[in-house]
Amino acid sequence: MLSNSLQNKLNEQIEKEAYSSQLYLAMASWAEVKGYTGVSEFLYGHSDEERQHMLKIVRYVNERGGHAIVPSLDQPKTDFEDLRSVFEQILKHELGVSQSINEIVDHCLKEKDHSTNNFMQWYVSEQMEEESLARSIIDKLDLIGNDSAGLYLFDRELGGFTPE
Ligand code: OFO
């Protein structure tokens, strides 16, 4: 059985994952409207992944005898300066999410809740991957700068399009 305090923390994490999904969705829509088809595909896909992250916690809380609460969400930003600022905001957002995952893990250790600790380890690795992906994309965008041919290829690559 989950302790009340851990249940509350997991419910807060459900909200963060749900918000992540909305944020990526807003970014995907912006990218699509701006003609970055590949980037928008990538971000739509990522938005779906975040929903799965949320759902996993919902199911876990309920399986452990708690009650997962579906939250209301703030409206994410709808407009962005450029691609680099999108990925900078993603990195900043993911660093915040990693911090809250780490706090949950600390709490599990304090309470000696090994099952939840074990469950959260998946999120620990996932966050490492997400942070490093965002960093590598920002590095790439720095190399490309304002070169439109470079941005075109970057967009295709991120969307998983194979070269013609
Ligand atoms: Fe759920 O990994 Fe990003 O936020």
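Here is a short walk through this structure, from the whole chain down to one residue.

Keep in mind that what you're looking at is a predicted model. Start with the overall build: the chain has five helices and zero strands. Follow the sequence from one end to the other and you'll read the pattern α-α-α-α-α.

How do the parts of the chain meet? Take the contacts with a separation of 6 or more: 77% of them are between residues 24 or more positions apart. As for what is tucked away, buried residues account for 44% of the 164 residues.

The chain's accessible surface is about 9300 Å², and carbon and sulfur atoms make up 50% of that.

You'll find Glu 126 in helix α4, which runs over residues 114-144. Is Glu 126 buried or exposed? Glu 126 is buried, and yet it has no salt bridge. A salt bridge here would need a side-chain nitrogen of Lys or Arg within 4 Å of a carboxyl oxygen, while the nearest side chain of opposite charge, Lys 56, is 8.2 Å away from Glu 126. So which residues does Glu 126 touch, once its neighbours within four places in sequence are set aside? Those contacts are with Glu 49 and His 53.

Key:
Residues numbered from 1 in each chain as written. Predicted model: local features only at pLDDT ≥ 70, side-chain atom pairs only at ≥ 80, totals over all residues. Heavy atoms only, no water. Helix = DSSP H or I, 4+ residues; strand = E, 2+ residues; numbered from the N terminus. Buried < 20%, exposed > 50% of the residue type's maximum accessible area, 1.4 Å probe, protein only. Contact = heavy atoms within 4.5 Å. Areas by Shrake-Rupley, 256 points an atom, 1.4 Å probe, with all protein chains shown as cover. Lys, Arg positive; Asp, Glu negative; His and termini not counted.
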